[in-house]
Amino acid sequence: MTTKMTALITGANKGIGFATARQLGGRGFTVLVGARDPERGREAERALRDGGADAHTVALDVTDEESVAGAATWIEDRYGHLDVLVNNAGIVRADGSALPSETTLATLRTVYETNVFGVVAVTNAVLPLLLAAPGARIVNVSSEVGSIGVMTDPTNPLFPLTSVPYPSSKTALNMVTAMYAKELRDTVVKVNAANPGYCATDLNHHSGFRTSEQGAEVSVHLATLPGDGPSGLLWGYLTDGSYGVLPW
């Protein structure tokens, strides 16, 4: 067991997840690198350790209930608590030209398995460990394309995007965030959704205009909120380049 601050980041072997692990490691956290592919996880662990972080790989496929349960048991046995959970793992899929009328249920199910169901599975599995910490934080990595307010505003640069799987999965994730925040409002756990902005990652074939490091800053801010910090918000990058609260 340890009293050091611990943070589990899902999908942490690359992109924003890896940058989040590196930044939290730089702040003195023990970072647990959740990775579906154990070898990629070990590569990320080595890179983080080379940078001075206390990093450890955790085999974790958020779509596999046995994998999720095994990861939670591993963390409990080794650390006894968890201070931060960053639900970062996410995927993008679309059919045809991505229009709603071309969406298949198979694609929708695949996206929701990771982006929504996986978040609920991991959160529930480690919640007892978060409640055992003196002041835990849950960060669900969402997106402005999941904001109904943003996506229905004709003046917003993102308005032309018209697709179902990824945007609606993030809308669902926003509601998941709000509901956990309500359930846990009288506990030590704060729950918020992060909008990293359009970052250049494998998710979008590196077409984003923000870096993974910039995207990770949003998650790290929410992961290290003070005791009087907010809970139940979608917070992060705004189109004017600043940071703040986004509409659900």
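Select L82 and its surroundings. Leaving aside residues up to four places away in sequence, L82 touches T6, A7, L8, L32, I75, V126, L129, L130, A133 and A136, where contact means heavy atoms within 4.5 Å. The model is a predicted one, in which local features need pLDDT of at least 70 and side-chain atom pairs count only at pLDDT 80 or more, whereas totals for chains, interfaces and linings use all residues. Residues are numbered from 1 along each chain as its sequence is written, and side-chain values use heavy atoms, with hydrogens and water left out.

Together with L82, they touch the most other members of the largest nonpolar core, which has 29 residues. Such a core is a set of buried Ala, Val, Leu, Ile, Met, Phe, Trp, Tyr and Cys residues joined through side-chain atoms within 4.5 Å; buried means under 20% relative accessible area with a 1.4 Å probe, protein chains only. At least two residues of this core come from each of α3 (65–79), α4 and α6. The largest share, seven residues, is supplied by α4. A second, separate core of 24 residues includes F18, F29, V31 and V218.

Now display the strands. Helices (H or I, at least four residues) and strands (E, at least two) are DSSP runs, numbered from the N terminus. An open sheet of eight strands has the order β3-β2-β1-β4-β5-β6-β7-β8, with mixed pairing; two strands pair if DSSP finds at least two bridges between them. At the edges are β3 (54–59) and β8 (243–245), each pairing on one side only. From one strand to the next, the twist averages 20 degrees. Strands β7 and β8 run antiparallel and are joined by three bridges. Select W235 to find V245 of β8 opposite.

Turn to the helices over the sheet. Helix α2 (residues 38–50) lies across β2 (30–35) and β3, at about 175 degrees to β3. Helix α3 lies across β1 (6–9), β2 and β3, at about 145 degrees to β3. Axes are lines fitted to C-alpha atoms, for helices over the stretch in contact, and angles run from 0 to 180 degrees between N-to-C directions.

Select α6 (residues 165–183). Its buried residues include P165, Y166, L173, V176 and Y180. The buried residues of α6 pack against α4, β5 (137–141), β6 (190–195) and β7 (234–237).

Finally, select A98, in the loop between β4 (84–87) and α4 (105–131). A98 is not a glycine, yet has a positive phi of about 80 degrees. Most residues other than glycine have a negative phi.

Technical notes: Buried < 20%, exposed > 50% of the residue type's maximum accessible area, 1.4 Å probe, protein only.
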